[in-house]
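Student: Hi, could you walk me through this structure? I'd like to go piece by piece.

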Amino acid sequence: MALKRLGADFEHYMVVEFDDFAIKSYNAVHGTDFPATDICTVHGEDLEVTDKEKYSYVLTYSFPCTDISQAGQMKGFEEGSGTRSSLLWEVKRILMELQETDALPQVLLMENVDAITNQQNRPHLSKWIEFLNGIGYTSYDQILNANDYGIAQFPSPSGVLFSKS
C-alpha cells in the first residue's frame, strides 16, 4: 500500500502466503489473483529476478509473529527451532539460492511486531542482520507506529528492518 500511496510504478510479482483467508484478503485489497503458497515450497529461481540493471527488485517479507509475542508464549524465532516464527529462516534459504545465481534483490523490507527487538529476541534478530550483512546488505531497523502514518491498526508498533545492497 505504501508504494501505491507514493505513486511508485511497480508490479506485484509474487505473494507467498499459505493462509487461504489472508491471501484472499490481499488479493481483494490489491486487485491481484495470487494462490495460497507455502514458503517451504518456494525457491530462489521462482522469483525470476533478472535484468537487475533495468529493474529494481524489492523483496518484502515477514513471518508469523505468534512465537515472538506474549500471545505465543514468547517461544522465539531461533533458526531450527521449529516455531511458526522461525519461518523467517526460509527467507535465508531463498536468499542463499538467489545469491548463487547473482540474483539477490537490491532492497529487502521486513515488518513484524515490535517484540522482535526485545531482549529475548534481539540475539536472533542480530543473527539475521549478520547474515544479511554477510551477503552484501546494509540493514537498518526501527520501530514504527502505523497510526503515525495514517493507517488504522492495533496500537502496537511494528518493527521494520530495511536492507539495501
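**Salt bridges and their surroundings**

Tutor: Happy to. This is a predicted model. Let's start with a network of salt bridges that links E79, K92 and K127.

Student: Which side chain does E79 meet in a salt bridge at 2.9 Å, N to O?

Tutor: That would be the side chain of K127. The pair connects distant parts of the chain, with E79 in the loop between β1 and α3 and K127 in helix α4, 48 residues apart.

Student: Are those two buried or exposed, or something in between?

Tutor: E79 is partly exposed, at 30% relative accessibility. K127 is also partly exposed, at 39%.

Student: How many salt bridges does the structure hold?

Tutor: Six. One of them is between the side chains of R84 and D67, at 3.5 Å, N to O. Both residues lie in the loop between β1 and α3, so the pair ties together parts that are 17 residues apart in sequence.

Student: And how accessible are R84 and D67?

Tutor: R84 is partly exposed, with a relative accessible area of 46%. D67 counts as buried, at 2% relative accessibility.

Student: Let's look at T83 now. Where is it?

Tutor: T83 sits in the loop between β1 (58–61) and α3 (88–100).

Student: Why does T83 count as buried?

Tutor: Because its relative accessibility is 13%, and buried means under 20%.

Student: Which residues is T83 in contact with, leaving aside neighbours within four places in sequence?

Tutor: D67, K75, G76 and F77. Take D67: it is 16 residues from T83 in sequence, and the two are 6.6 Å apart in space, C-alpha to C-alpha. The side chain of T83 also has a polar contact of 3.3 Å with the side chain of S81.

Student: Switching topic: what order do the strands of the sheet come in?

Tutor: The order is β1-β2-β4-β3, in an open sheet of four strands with mixed pairing. β1 and β3 (138–144) are the edge strands, each pairing on one side only. On average, neighbouring strands are turned by 15° against each other, direction ignored.

Student: What packs on that sheet?

Tutor: Helix α4 (residues 122–134) does, touching β1, β2 (107–113), β3 and β4. Its direction makes about 145° with that of β3.

Student: How do β3 and β4 run, and how many bridges join them?

Tutor: They run antiparallel, and seven bridges join β3 to β4 (residues 158–164). For instance, D141 has L161 in β4 as its bridge partner.

Student: Which residue's side chain meets D141 in a salt bridge?

Tutor: R122, at 3.1 Å, N to O. R122 lies in helix α4 and D141 in strand β3, so the pair ties together parts 19 residues apart in sequence. R122 is partly exposed, with a relative accessible area of 28%, and D141 is partly exposed at 34%.

Student: Last one, helix α2. Which of its residues are buried?

Tutor: In α2 (residues 20–30), the buried ones are I23, N27 and H30. Seen down the axis of α2, they fall within an arc of 85°, so they line one face of the helix. What covers them includes α1 (2–6).

Student: And what's on the face turned away from the buried side?

Tutor: That face of α2 carries the exposed residues F21, K24 and A28.

How values were computed
Residues numbered from 1 in each chain as written. Predicted model: local features only at pLDDT ≥ 70, side-chain atom pairs only at ≥ 80, totals over all residues. Heavy atoms only, no water. Helix = DSSP H or I, 4+ residues; strand = E, 2+ residues; numbered from the N terminus. Buried < 20%, exposed > 50% of the residue type's maximum accessible area, 1.4 Å probe, protein only. Contact = heavy atoms within 4.5 Å. Polar contact = N/O pair within 3.5 Å; in protein donor to acceptor, adjacent residues only side chain to side chain. Pairing = 2+ DSSP bridges. Axes fitted to C-alpha atoms, helices over the stretch in contact; angles between N-to-C directions. Arc of directions from axis to C-beta. Salt bridge = Lys/Arg side-chain N within 4 Å of Asp/Glu carboxyl O.
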